[in-house]
Amino acid sequence: MTALSLAARARLRLVALLGPATLVIVGFFLVPMAIMALYSLLEPGLYGGVEWSFYPDNFGRILGWADGSNEEFDIVYLEILLRSFKLAAITVVLTLAVCYPAAFWVARQPERRRNFFLFLITLPFFTSLIVRLYAWVLILRPTGFLNLALQALGLADRPLNLIYSETAVLIGMTYIFIPFMFMPIYASVEKLDRKLLEASADLGASRWQSFWRIVFPLTLPGIAAGSIIVFIPSLGNFIVPSLLGGARVVMIGNLVEQQFLAARNWPFGAALAMLIMAAMLVFLLLYVRWQSRSQSREGVA
């Protein structure tokens, strides 16, 4: 058997292995994305749908170059976009504040208890998201458990306005995305070599110095991965703002939903969706570039 035939068989085997997955990705991701990108540049139909003519003013309504006759620039869309970025960034910070110390505590437990706590972290996935969010509605409403507990303890004279606010949205998104932040951080913490901390202490470093010079740099990949995993779905989330934010807190995901289902302005909804995708792509590219630079520095070291 010649080397050429061996190489041909290897290529055929590779095509057979990757072909089905490639077809699924192309058919269920790339083709819908291409349709969405095409619709974002078409004119909205009078009664829904699209008119097949080039129409860049869908983006102009958001970014400021609308022609002023058919479409007008409205600052409210930028405000919603910036609010979405703000809430997504705060969600990342809150989940990180909860998960970073928790990951260290779980990693120090005996193996049986550690596996039990990891099971508890993943337990919410066995329950419907809608059910969990409605539970938070019952907790945060004026007659809910939290307000009743605060009034019973004398910490509040009257019910606090928690539901249908940015606070409620942040509580809901933090609760939902805690597992997504915890797992990457825990993976980094578990691989942490304790001997490095012992050597640092022997050399006279304080706990604070050991943390910033050893622990934090070694766990930074897990922090970065968890932040990306939390930030991207938080930015486009529409279920949590719909149930916990109501009409007072509108995020970009809610706006996309309204344009497709209520307003029937598919091109404008597609333009909004493409802006979300562009923002996510930028963050992913920044993360990949940072990761490649970190790996190259480790290789040189």
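The model is predicted, so local features need pLDDT of at least 70 and side-chain atom pairs count only at pLDDT 80 or more, while totals for chains, interfaces and linings use all residues. Residues are numbered from 1 along each chain as its sequence is written, and side-chain values use heavy atoms, with hydrogens and water left out.

**First stop: the charged network**

Select Glu166 together with Arg83. Their side chains meet in a salt bridge, with 3.8 Å from N to O; the term requires a side-chain nitrogen of Lys or Arg within 4 Å of a carboxyl oxygen of Asp or Glu. This pair links distant parts of the chain, with Glu166 in helix α7 and Arg83 in helix α3 (residues 75-107), 83 residues apart. Helices (H or I, at least four residues) and strands (E, at least two) are DSSP runs, numbered from the N terminus.

Lys86 forms a salt bridge with Glu166, and the closest N and O atoms are 3.2 Å apart. Because Lys86 lies in helix α3 and Glu166 in helix α7, the pair ties together parts that are 80 residues apart in sequence. Through shared partners, salt bridges join Arg83, Lys86 and Glu166 into one network. The structure holds two salt bridges.

How exposed is Glu166? Its relative accessibility is 29%, which counts as partly exposed; buried means under 20% relative accessible area, exposed over 50%, and partly exposed in between (1.4 Å probe, protein chains only). Arg83, at 23%, is also partly exposed, as is Lys86 with 40%.

**Second stop: aromatic pairs**

The count of aromatic pairs comes to 21. Rings of Phe, Tyr and Trp (its six-membered ring) pair if their centres lie within 6.5 Å; planes under 30 degrees apart count as stacked, over 60 as edge-to-face and the rest as tilted.

Select Tyr39 and Trp52, an edge-to-face pair at 6.3 Å centre to centre, with 85 degrees between the planes. Tyr39 belongs to helix α1 (residues 3-39) and Trp52 to strand β2 (residues 50-54), 13 residues apart. Trp52 is exposed at 64% relative accessibility, whereas Tyr39 is partly exposed at 21%.

Next, select Phe125 and Phe180. Their ring centres are 5.5 Å apart and their planes lie at 85 degrees, so this pair is edge-to-face. Phe125 is in the loop between α4 (111-122) and α5 (129-140) and Phe180 is in helix α7 (residues 166-190), so the pair ties together parts 55 residues apart in sequence. Phe125 is partly exposed at 46%, and Phe180 is partly exposed at 30%.

Then display Tyr100, Phe104, Trp208, Phe211, Trp212 and Phe216, which form one aromatic cluster.

Select Arg61 and Phe268. Arg61 lies over the face of Phe268, at 3.9 Å from the ring centre; a charge sits over a ring if NZ of Lys or CZ of Arg is within 6 Å of the ring centre and within 35 degrees of the ring normal.

Finally, select Asn265, in the loop between α11 (252-261) and α12 (266-300). Asn265 is buried, with a relative accessible area of 12%. Leaving aside its neighbours within four places in sequence, Asn265 is in contact (heavy atoms within 4.5 Å) with Pro44, Arg61 and Gln259.
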